[in-house]
Amino acid sequence: MTTRRDFVRTTAAAAGALTLACGGTGEDDASSDGGPLSILILGGTGFIGPHEVEYAQTRGHSLTLFNRGQTNPGLFPGIEQLRGDRGGDLAALEGREWDVVIDNSGFYPRHARLSAQLLEGQVDRYMFVSSISAYDDSLPAGIDEYNAPIASMEDPTDETESPYGPSYGPRKALCEAEVLDAFGEDRTIIVRPGLITGPGDPTDRIRHWIARLTLHDEVLVPGYAGDPVQMIDARDMTGWMVRMLENGDVGTYNAVGPDYQMTMDELVNGVHGVTSSEAELVWVSDEFAAEKQIAGRYSPWIPGAGPRGFMLVNNGRALGTGLTFRSLDEILTDMLAEYEEQVVEDPDFGTRGGAPFDQEAALIAEWRARNA
Ligand SMILES: NC(=O)c1ccc[n+]([C@@H]2O[C@H](COP(=O)([O-])OP(=O)(O)OC[C@H]3O[C@@H](n4cnc5c(N)ncnc54)[C@H](OP(=O)(O)O)[C@@H]3O)[C@@H](O)[C@H]2O)c1
C-alpha cells in the first residue's frame, strides 16, 4: 500500500516544481492526495504555533508538538506533546515518523543541524520558519528569494545571545543552510516572514497604534503618509503554510503582506477608523523622530534612511502558492477586540511601542513649537 509518506516522498520534487511553474492553489483547494498528514511541530505553543495547530486540525491532520513545556504548558491537552530541548535533548523524537515537520523554534545553527539530521530519515519534508532578517541589511527593494543578499556573522557557533538577539538574522540564514544540507532542496520549505501580527501577537508592534489612538487626544506619527509598510496576519500565514504542506510544495518563500503596496497612512488611518478615535494625527519628520530617538520605536515604520528594502519585500512566489490575505480592517478589528478584553486586566497592554506614552504630548508640543 502506498502510504501518505511514500506518496509525498516520491512526488515532493515533482509536485513542488509543478506548483512553482504553474502558479499555486488557493484556500479552497484540497490537499494533493486528499489524505491527512501527520505533522510534527517543533514549538507549537507560542504565537504562530497555536494558529498552525488550529488550522491543521480543521483540515483533518494529526499533530505532535515538541517543546520544553515552558511556554503555555496547558495548551492543547488533547494533542500529543513530546518533551525535549532543541539544544541537545531530542530523544523523544527518535524512532518516530511523520509526513512533515514545521520548525518554529530554530534560532541557532547547531539546533537546526541536530533536528534536521535526526529527522532526515523519519520525515519526508522539513518546513523551516526563518525570517526576512536572514537577508543582509543592504536588501534592495523588491528582490526575490533567490537573488537577495544573505546576512552573515563572524562566529556561527556563538550561542551566547538570546534567540532574538542582534545576530538573529544571520543565525536564521545559517539555520536555513543546515536544513537544506540535511534535506536537500527537493524536500525543504523555507518560510521567511516579515512582521507577523494579528490576535495573539505577543508584541505591541502594531497594537501600540490601537492603544495610542484609543487613549490619546493627539498621536504622533513619524515619516510620510506614503512610507511603505508590510505585515502579515499569523492566521493567513499559518493557513498558507499548512496548505503548502498539503500540496507538496518545496522552495523558499517570503511571507509578507499584503498583495499591494500598503502605506503608513493607510495603516494609521485604518486604526483610526476601527477604534472610532477622535484623536488628531500629528505627522513629524524623519529627522525629528531620529533626533528624539523614537524612530526605531514606531513599528512597523522604518525611517527613510533605514533599510527600506525590508518593507518592500517581494511576495510573488508565496502568492503563486496560494498565500491570501484578510483585509486590514478585519485584522485591526480582531486586534481591537483583543485589546479591549486584555486592557481591563492589564492597563499597560499595548503601551510597549512608539514613543514612551507619557512623553508623546510633550514631543508633539515641541514639534508644534518648532514649526509654528
Ligand atoms: N513574530 C514575528 O514577527 C516573526 C517574524 C519573522 C519570523 N518569526 C519566526 O517565527 C517563529 C515563530 O515563533 P513563535 O513563538 O510564534 O512559535 P511557536 O511555535 O508558537 O512558539 C515557540 C515554541 O518553541 C518552543 N521552544 C522554544 N525554545 C525551545 C527549545 N530550546 N527546545 C524546544 N522547544 C523550544 C516553545 O515552547 P517551550 O518554551 O515550552 O520550549 C514554543 O512552543 C520563530 O522562528 C521566529 O523567528 C517571527
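This is a predicted model: local features need pLDDT of at least 70, side-chain atom pairs count only at pLDDT 80 or more; totals for chains, interfaces and linings use all residues.
Helices (H or I, at least four residues) and strands (E, at least two) are DSSP runs, numbered from the N terminus.

**The ligand and its shell**

- The ligand is surrounded by 30 residues, where a residue counts as near if one of its heavy atoms lies within 4 Å.
- Thr45, Gln70, Thr71, Asn104 and Arg205 are the closest of these residues.
- By class, the shell holds 10 nonpolar, 15 polar and 5 charged residues; here Ala, Val, Leu, Ile, Met, Phe, Trp, Tyr, Cys and Pro count as nonpolar, Asp, Glu, Lys and Arg as charged, and the others, Gly among them, as polar.
- From the backbone side, a polar atom of glycine 69 is 3.0 Å from an oxygen atom of the ligand, while a backbone N or O atom of glutamine 70 lies 2.5 Å from a ligand oxygen.
- Taken alone, the ligand exposes 920 Å², and the protein buries 89% of that (Shrake-Rupley method with a 1.4 Å probe; for residues, only the protein chains shown count as cover).
- Helix H2 (48-58) and helix H4 (168-183) are the elements that give two or more residues to the shell, and H2 gives the most, with 3 residues.

**Helix H10**

- Helix H10 (residues 328-345) has 18 residues and should span 26 Å at 1.5 Å a residue; its end C-alpha atoms are 26 Å apart, so the two values agree. The expected span is 1.5 Å times one less than the number of residues.
- Leu328, Ile331, Leu332, Met335, Leu336, Glu338 and Tyr339 are buried in H10; buried means under 20% relative accessible area, exposed over 50%, and partly exposed in between (1.4 Å probe, protein chains only).
- The cover over these buried residues includes helix H5 (207-215), helix H6 (234-247) and helix H7 (264-274), along with strands E7 (196-197), E10 (232-233) and E12 (262-263).

**Helix H6**

- H6 has 14 residues and reaches 20 Å from its first C-alpha to its last, close to the 20 Å expected at 1.5 Å a residue.
- Most of H6 is covered, with 13 of its 14 residues buried.
- At the start of H6, a side-chain oxygen of aspartate 233 comes to within 2.7 Å of the backbone nitrogen of arginine 235.
- Glycine 248 follows H6 and has a positive phi, near 75°.

**Backbone geometry worth a look**

- Most residues other than glycine have a negative phi, and most peptide bonds are trans.
- The bond from glycine 257 to proline 258 is cis, with omega near -5°; proline 258 is in the loop between strand E11 (251-255) and E12.
- Asparagine 72 has a positive phi near 45°, lies in the loop between strand E2 (62-67) and strand E3 (80-83), and counts as partly exposed because its relative accessibility is 40%.
- Glutamine 293 has a positive phi near 55°, is placed in the loop between H8 and H9, and is exposed, with a relative accessible area of 70%.

Notes. Residues are numbered from 1 along each chain as its sequence is written. Side-chain values use heavy atoms; hydrogens and water are left out. A polar contact is a pair of N or O atoms within 3.5 Å; within protein, one must be able to donate a hydrogen and the other to accept it, and residues adjacent in sequence count only if both atoms are side-chain atoms. Contact means heavy atoms within 4.5 Å.
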